[in-house]
Amino acid sequence: SGNNVSNLAAVVANGSFALTDYPNASIPLPLSVTAVDGLIGIDTAGGNGAVTLTADDINIRDAIFAGSGVITLQPLTLSTNISLNDPSNSLSLTEGELQLLNTSSTVVIGNPLGTGTISLGGSGNINLSGDPLYAYSLTLQGAASPLIFNGGLTLANNQTLTYRDWE
């Protein structure tokens, strides 16, 4: 009843890309953005298309290029906790994985209906200011998701951090 994907790569010439991963409960595998059959990562930059990935565990091993499209990473299970540069939760993105998100627009992390905690920096500060490829604004969102800063977050010049509580 749905997708059960462990390795994902895609190129979309003109348009957006979205995938919702419904993992096998008996063998939970993370959704990994990586190289598959000669394709590397996800690329919608040619058409500036949005990229939306919905899964409770996402590993970003190769870049996601969206041009000026929005990149959204959100948990499937609404109670899933999200960690940025903190390996303590199932939807955990390291600083290195965040640096593989390439858009001139916004990266949105979280589900507007989500109730899990969002924590930043448990393994140290997050620096997203060094390379123009990942000079994006960051939006964190949830319906009743506590936001916890355990470390600092630095974005590139003229980029913003937004927290949306949809409650």
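Predicted model: local features only at pLDDT ≥ 70, side-chain atom pairs only at ≥ 80, totals over all residues.

Trainee: Which residues does Ser145 touch, not counting those up to four places away in sequence?
Mentor: Residues are numbered from 1 along each chain as its sequence is written, and side-chain values use heavy atoms, leaving out hydrogens and water. Contact means heavy atoms within 4.5 Å. On that basis, the partners of Ser145 are Gly114, Thr115, Gly116, Ile118 and Tyr163.

Trainee: Is Ser145 buried or exposed?
Mentor: Ser145 sits in the loop between β18 (137–142) and β19 (147–149); strands are DSSP runs (E, at least two residues), numbered from the N terminus. Buried means under 20% relative accessible area, exposed over 50%, partly exposed in between (1.4 Å probe, protein chains only). Ser145 has a relative accessible area of 6%, so Ser145 is buried.

Trainee: Which backbone oxygen does the side chain of Ser145 reach at 2.8 Å?
Mentor: A polar atom of this side chain also lies 3.1 Å from the backbone oxygen of Gly114. The one at 2.8 Å belongs to Gly116.

Trainee: How many bridges join strand β3 to strand β8?
Mentor: Two strands pair if DSSP finds at least two bridges between them. Strands β3 (residues 17–20) and β8 (residues 51–54) run parallel, with Ala18 opposite Thr52 in β8. The number of bridges joining β3 to β8 is four.

Definitions and conventions. Polar contact = N/O pair within 3.5 Å; in protein donor to acceptor, adjacent residues only side chain to side chain.
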